[in-house]
Amino acid sequence: MEIRSQVLMVECADRPGMVHGITGVLLRAGVNIISNHEFVDLENGRFYMRTAFEGPSDPAALCLGVQAALPEGAAVSLHPPVPKRLVVLASREHHCLADLLVRNAYSELGAEIVAVVSNHDHLRSLAEKFGVPFHFAPHEGMSREDHDASVARIVASLGPDYLVLAKYMRLLGPAFVAAWPRRIINIHHSFLPAFTGARPYKQAFVRGVKVIGATAHFVTEQIDDGPIIVQQVIPVGHSHTAHDLAQAGRDVERAVLARALKLVLENRVFLCGNRTIIFD
């Protein structure tokens, strides 16, 4: 991770001379470019660029200078090397939350987990072992809308940059999702939609699957249909029991969620409709 680097992100209509124009602004500002990546979506005529640089700069003046070198309607953002704040939503399963808490404890996330929010009280002791505040938001006897509102009040009081659904087993309603556009990241097994509902690994075992995996994606109003950030699969065979598949699936989910968070937190991900452009 480019710890000391600022990151400039640009998205706009494509035209000749884009890289020259942007890097020229940075040169005149007296900063040093550490890395540069660009991509042109030829089908839609869109230009994407991520530039990491070091050196003192006036953020407002730099963004205005870059904006002036680009076509009208360009999206320009500048990201300082400041750790993001995360709130993790979880339910009963511990594996993804535990992995994130360990990474957080050893400063491996490039972010700070400021709290865990859960609709069950099962994982309180796990969060508290790592000194992370735990907020219990029970859902029993509540409509989805009322429970969403309860969780939203807790989250708003914490001021996070991103929400991470670490096996949070509640569907978030449209109003909740709309309040956090492009800022909710989810992890799920890649069996969807083939093996939906309860006990997906048992269903996979019965079908004799040969690969299992996981998908991390941004959350949208359409269930499990948001832009994909990371996917990974591993081979399995006839000797794997349903228990083996579940354990392997948990291992993949941990790795995929951590990888997705790294990409997002390092400002390496652009959204292109329901697709992602990722500068790895």
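The model is predicted: local features need pLDDT of at least 70 and side-chain atom pairs count only at pLDDT 80 or more, while totals for chains, interfaces and linings use all residues. Residues are numbered from 1 along each chain as its sequence is written, and side-chain values use heavy atoms, with hydrogens and water left out. The protein chain contains eight helices and 13 strands (DSSP runs numbered from the N terminus: helices are H or I of at least four residues, strands are E of at least two). Its radius of gyration is 21 Å, close to the 19 Å given by the globule rule for 280 residues, so the chain is as compact as a globular protein of that length. That radius is taken over C-alpha atoms, and the rule is 2.2 Å times the number of residues to the power 0.38.

**Overall dimensions and contacts**
- Along the principal axes, the C-alpha atoms of the protein chain fill a box of roughly 60 × 40 × 35 Å.
- Among contacts (heavy atoms within 4.5 Å) with a separation of 6 or more, 65% join residues 24 or more positions apart.

**Burial and surface**
- Of the 280 residues, 48% are buried (under 20% relative accessible area; exposed is over 50% and partly exposed is in between, with a 1.4 Å probe and protein chains only).
- The protein chain exposes about 13800 Å², of which carbon and sulfur atoms supply 54%; accessible areas come from the Shrake-Rupley method with a 1.4 Å probe, and for residues only the protein chains shown count as cover.

**Nonpolar cores**
- The largest nonpolar core has 37 residues, of which Leu100, Ile229 and Leu257 touch the most other members (a core is a set of buried Ala, Val, Leu, Ile, Met, Phe, Trp, Tyr and Cys residues joined through side-chain atoms within 4.5 Å).
- Helix α8 (residues 242-265) gives the most to this core, namely eight residues.
- Apart from this core lies another, of 19 residues, including Leu158, Leu163, Leu165 and Phe176.
- Leaving aside residues up to four places away in sequence, Leu100 touches Val88, Leu109, Ile113, Val164, Ala166, Leu257 and Leu261.

**Positive phi outside glycine**
- Arg182, in the loop between α6 (174-178) and β9 (184-189), has a positive phi near 60 degrees.
- Arg182 counts as exposed because its relative accessibility is 53%.
- Asn267, in the loop between α8 and β12 (269-272), has a positive phi of about 55 degrees.
- Asn267 counts as buried because its relative accessibility is 8%.
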